[in-house]
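Please open the model in your viewer and keep the selection tool at hand; the stops below say what to pick next and what is found there.

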Amino acid sequence: MSESFRLTMVGIHKHFGPTHALRGVDLELARGKVHALVGENGAGKSTLMKVLSGAVHPDAGHMMLDGEPYAPTNPKQARQRGVAMIYQELTLAPHLSVEANVLLGLEPTWFGFLRRAEGRCRVREALAVLEHPEVPLDRPVGELGPGMQQLVEIARALLLDVRLLVFDEPTSSLARADALRLFALIRRLCDRGVTVV
Amino acid sequence: MQEERDIRKEDGITGTVPAPSAPPLADPETPVAAPLRLFRKLPAMSGPFLGLVFVLTVAVIVLAINGQLGNFLTLRNLQTLLHASSVTGVASLGMLLIIVSGGIDLSVGSVVALVTVVAMQVYNLLEARSGSPLLTSLGAVAAGMSVGVLCGLCNGLGVTRLRLAPFVVTLGMLSIARGLAIWLAGRTRLAFTGERPAWVDVLGVARAKSTLFAPGVWSFLLLAAVVAVLLRFTILGRYCYAIGSNEATARLCGINVERTKVALYGLAGLLVGWAGILRFAHGTSGDPNTGQGLELDVIAAVVIGGASLSGGRGTVGGTILGVLILGVLENSVSFFGVPVEVKYILIGAIVIANTALGRLQRGAGE
């Protein structure tokens, strides 16, 4: 049954000292669908998503990703399995260019030298998939607006062949027009089979 | 492109995306006042370049008044100036790597002193035993530079394994290296016990007849080119900027931050080791008291060159200009009677003015 879902979480528990933040949570996320996690402040939404993205380790319970056991010990492992989280506070290197940010950690190299043409090509492809080829590749990310910065984060996730993308309050720092563009982009990602939370 | 076409085809089938392509995002540039726009259009290196022009102008005016301008604007003086700047220059390249990655190294001057002492001790020891000038010289240079690398690696391991602030670790190394240098030298300045090797004279002479500038100057320029290539075209350089810009992001993206930092401190140590060998040749001695305050000159050169002490920014070109600015000031004080207080005030003013200009260029919000 679980193989029909992109991800299943079963009986997830998490304590922070005396606080029982997650109490036996079960969650099933379908392929190519948008899911919204709704709850009051302190309900454990962020903790659950951090468990999903490898930032927090659950005390009990297990997860399956596309039918295979999934237990990331850190965000890097989660990203390598195709699970990426876009935080409210974006995780970008502001002094680096768009190209360098999208490729960060995945740079194609030859004996320690950057293969710049190949890297640039991969970034262009990712931005083309997002249908935003106008994003300036050489511009430092710190000089871009919040909408474009979020796009750079999503492009970085695409480079890892993302299967499950988690947004933490994605529209909170966006203008209305940028938020609408983000929703359209999320729909396009879902059409490619990406699961979005 | 193939992938892009496939996706659009897929969109067409599902009918979920009405527009064939997304509208472009709004221009992120916020409107700014006219003077700010002017600053932002200046090239990134304009700050250090303007600083150099300013210092040269002040030097020319002061020396014209003193009647020394004729002696200042000569090839001979340029050779002397560059020769005297080569130690600071080579050490600045190492400092650039560390500052770009968000660190700092206060131990440079003491490590240079330790390198001179170790090189001299090893040279005298090997000369007494082997007698071969080549092996003796190679042994002394290798020992001196190894000490530089070792100190750099210790700094890097202190920052990464002990998780201490670079300021604290390198402040400790400043004291340890100076203490070791004084101890190894027996509280005295060491000289060659036998004949001075030829390479020391070659490296120590400011005016080379056949190569225009002294070999130390050429070694600085060569190493500057190597560091520029490293920063711009290698994965280590990319990670250096990434860690300095946002260490948490670098970690999240799978970069081995600890290993990269140790490698950068080690490389910086290698450069400081070579700076120590140059100082050894310039002074023809193993001097445990040399290099006092050198770290501040080196940091000033890198910062004047446009690097940010909070990391993520800095270039080799800017650092060379920073070294030249300090070199012109030092040269004016040492050889042309410009009061030393003028040097200190100008260095301070340029550091502040250049940092402020850089901020304006990047936008006041940063």
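**A tour by selection**

Begin by selecting A91(B), which, leaving aside its neighbours within four places in sequence, is in contact (C-beta atoms, placed from the backbone, within 7 Å) with V108(B), V112(B), L271(B), V272(B), A275(B), L294(B) and V298(B). This is a predicted model, in which local features need pLDDT of at least 70 and side-chain atom pairs count only at pLDDT 80 or more, while totals for chains, interfaces and linings use all residues. Residues are numbered from 1 along each chain as its sequence is written, and chains are lettered from A and ligands numbered from 1 in the order in which they are written.

A91(B) is also, with A155(A) and L165(A), among the residues with the most contacts inside the largest nonpolar core, which has 148 residues; such a core is a set of buried Ala, Val, Leu, Ile, Met, Phe, Trp, Tyr and Cys residues joined through C-beta atoms within 7 Å, buried meaning that 20 or more other C-beta atoms lie within 10 Å of a residue's own.

Next, colour chain A by strand (DSSP runs of E, at least two residues) and find the open sheet of three strands ordered β5-β8-β9, with parallel pairing, where pairing requires at least two DSSP bridges. Because β5 (83–86) and β9 (195–196) of chain A each have a single partner strand, one side of each is left without a neighbour in the sheet. Zoom in on L164(A), whose bridge partner in β9(A) is T195(A).

Finally, select β1 (residues 5–16) and β2 (residues 19–30) of chain A, antiparallel strands joined by eight bridges; F16(A) stands opposite T19(A), and in the hairpin G17(A) takes a positive phi near 65 degrees.

Note on methods: Helices (H or I, at least four residues) and strands (E, at least two) are DSSP runs, numbered from the N terminus. A residue is buried if 20 or more other C-beta atoms lie within 10 Å of its own, exposed if 12 or fewer, and partly exposed in between; C-beta atoms are placed from the backbone. Two residues are in contact if their C-beta atoms, placed from the backbone, lie within 7 Å.
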